[in-house]
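Trainee: I would like a close look at a single part of this model. Please keep to one residue and what surrounds it.

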Amino acid sequence: MQAGNKLLNEINIAMEKHSVDKRVFALVDDTIGVLAGGRYYSKESVAAVTLGMGTNAAYIESAQSVVKWPDQTPKPEEIAINTQWGNFRSSHLPITEFDTLLDAESSYPGSQIFEKLISGTYLGETVRRVLLKMAQESALFGDTVPPKLAIPYTLRSPDMAAMHQDTSEDYEIIDEKLGEIFEITNSTTMARELVAEICDVVAERGARLVGAGIVGIVKKLDRLSNRISIITVEGGVYEHYRVFRNYLHSSVWEMLGDELSDNVIIEHSHGGSGASSIYIAASQP
């Protein structure tokens with residue numbers, strides 16, 4: 001809190017120095033902003049998840065459960081906890097050889113493991129790595145491996161979503177995307193069907209992991225059996241990747257069952273973190 005106040009003061013001093021007639025009242029992490037927005041609309045909104053190029057989660061915790069709160073600081077009734085869950089790692093995560101290589105070749109190996117399994121930056125890259133290995137070992141796209149298939153991060157998640165959600169008879173969108181992105185012009189219908197299946201596996205895994213994280217938060221708050229819990233979600237993957245979103249919702253239902261899943265409501269945010277931060281700024285004295 002003290003570090004945050006110091007940064008606020010520095011920003012306001014700099015703005016005054018340049019004759020900017022504005023004042024900053026609050027600096028808000030985007031996930032905390034989404035949480036604040038959800039809380040503004042409903043007191044039953046207890047957690048927020050950002051699911052775009054990166055990912056994070058935050059939730060409302062009873063202050064009595066925060067054992068590390070400084071004794072000299074007045075304790076409120078509730079506290080927003082920023083989990084930074086993108087950096088979560090566990091031996092129980094379903095990590096494959098493709099994830100291991102992606103992590104090793106990333107700009108920060110060994111960190112943000114959960115994020116590398118579920119966020120928009122990495123979903124398409126994971127699919128690309130699987131396709132590359134299949135092209136190398138089984139001639140998926142012919143006898144020659146397409147050179148552009150070996151270029152990291154050429155397959156963006158929006159393109160992956162478009163291919164995954166291709167419902168045309170001969171997978172025409174997949175054919176178009178393979179040509180645009182990798183200059184693959186000779187794919188067979190069977191190869192394109194396989195591309196769709198790989199997208200499905202990677203997306204379902206990511207969505208189910210997000211669902212497990214949400215269920216874990218609600219269980220931590222001990223709200224499953226007796227109270228409604230609203231989870232506000234923001235980000236392009238959730239908003240625009242329909243199949244991913246459907247897998248997320250269905251995974252929560254599978255984990256909780258008919259009766260308990262009715263108590264967990266997952267909804268898209270009202271205006272995103274930018275709009276939500278207005279509520280925090282307006283609440284400042």
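Which residues does Ser-119 touch, not counting residues up to four places away in sequence?

Mentor: The model is a predicted one, and the answer below should be read as a description of that model. Leaving out residues up to four places away in sequence, Ser-119 touches Gly-52, Met-53, Gly-54 and Thr-55.

Start with the residue itself. Ser-119 lies in the loop between helix 4, residues 113–118, and helix 5, residues 120–138. Its relative accessible area is 0%, and because buried means under 20%, Ser-119 counts as buried. The side chain of Ser-119 also reaches back to the backbone oxygen of Glu-115, at 3.0 Å.

Now take the other side of the contact. Thr-55, one of the residues that Ser-119 touches, belongs to strand 2, which covers residues 55–62. Strand 1, residues 45–51, is joined to strand 2 by a hairpin of three residues. These two strands pair in the antiparallel sense over five bridges, and within the pairing Thr-50 stands opposite Asn-56 of strand 2.

Strand 2 has a further partner. Strand 3, residues 78–82, runs antiparallel to strand 2, and five bridges join them. Here Glu-61 stands opposite Ile-79 of strand 3.

Burial can be read for strand 2 as well. Seven of its eight residues are buried, so strand 2 is largely enclosed by the rest of the structure. In a regular strand, side chains alternate between the two faces of the sheet.

To return to the request: Ser-119 is a buried residue in the loop between helix 4 and helix 5, and its contacts include Gly-52 and Thr-55.

Conventions: Residues are numbered from 1 along each chain as its sequence is written. This is a predicted model: local features need pLDDT of at least 70, side-chain atom pairs count only at pLDDT 80 or more; totals for chains, interfaces and linings use all residues. Side-chain values use heavy atoms; hydrogens and water are left out. Helices (H or I, at least four residues) and strands (E, at least two) are DSSP runs, numbered from the N terminus. Buried means under 20% relative accessible area, exposed over 50%, partly exposed in between (1.4 Å probe, protein chains only). A polar contact is a pair of N or O atoms within 3.5 Å; within protein, one must be able to donate a hydrogen and the other to accept it, and residues adjacent in sequence count only if both atoms are side-chain atoms. Contact means heavy atoms within 4.5 Å. Two strands pair if DSSP finds at least two bridges between them.
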